[in-house]
Amino acid sequence: MDRYLAVDRIENGLAVCYDDNKQRYDIPLCDVDLTEAIKEGDVLKILENGTLLPDREEKQRRQRANLELMRQLMEH
């Protein structure tokens, strides 16, 4: 099963992240394999070797799921 961290915010050179169990991780930005800068709302995939990579597809999947949930809540 894939593991992910959601970037809550960037502060003092750290990506403050939470996993799906709401556990907090303060990740030094230098520990993330960046092809571009990460920002609040991004999703990082944890590879088997511990490497963290931005996962744009998972971010988009989560955004779509959140929009669908909001749509359902607004209908009731």
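**Close-up A. Glutamate 58 and its bridge to arginine 61.** Glutamate 58 is buried in this structure, with a relative accessible area of 10%. The model shown here and in the other views is predicted. A salt bridge joins glutamate 58 to arginine 61, with 2.7 Å between the closest N and O atoms. Arginine 61 is partly exposed, at 42% relative accessibility. Both residues belong to helix H1 (residues 56–75), where they are 3 residues apart, about one turn of the helix.

**Close-up B. Arginine 71 and glutamate 75 in helix H1.** The side chains of arginine 71 and glutamate 75 form a salt bridge, at 2.3 Å from N to O. The two residues are separated by about one helical turn, because they are 4 residues apart in helix H1. Arginine 71 has a relative accessible area of 40% and is partly exposed. Glutamate 75 has a relative accessibility of 53%; the cut-off for exposed is over 50%, so glutamate 75 counts as exposed.

**Close-up D. Aspartate 2 and lysine 45.** A salt bridge links the side chains of aspartate 2 and lysine 45, at 3.6 Å from N to O. Aspartate 2 is in the segment before S1 and lysine 45 is in strand S4, so this pair ties together parts that lie 43 residues apart in sequence. Aspartate 2 is partly exposed, with 44% relative accessible area. Lysine 45 is also partly exposed, at 23% relative accessibility. Counted by the rule used here, the salt bridges come to 12.

**Close-up E. The largest nonpolar core.** This core has 10 residues: Leu5, Val7, Ala15, Cys17, Ile27, Val32, Ile38, Leu44, Ile46 and Leu52. Strand S1 (3–11), strand S2 (14–18) and strand S4 (43–46) are the elements that each contribute two or more residues to the core.

**Close-up F. Contacts of isoleucine 46.** Isoleucine 46 is one of the residues of the largest nonpolar core. With neighbours within four places in sequence left aside, isoleucine 46 is in contact with Arg3, Tyr4, Leu5, Thr51 and Leu52.

How values were computed. Residues numbered from 1 in each chain as written. Predicted model: local features only at pLDDT ≥ 70, side-chain atom pairs only at ≥ 80, totals over all residues. Heavy atoms only, no water. Core = buried A, V, L, I, M, F, W, Y, C linked by side-chain atoms within 4.5 Å. Buried < 20%, exposed > 50% of the residue type's maximum accessible area, 1.4 Å probe, protein only. Contact = heavy atoms within 4.5 Å. Salt bridge = Lys/Arg side-chain N within 4 Å of Asp/Glu carboxyl O.
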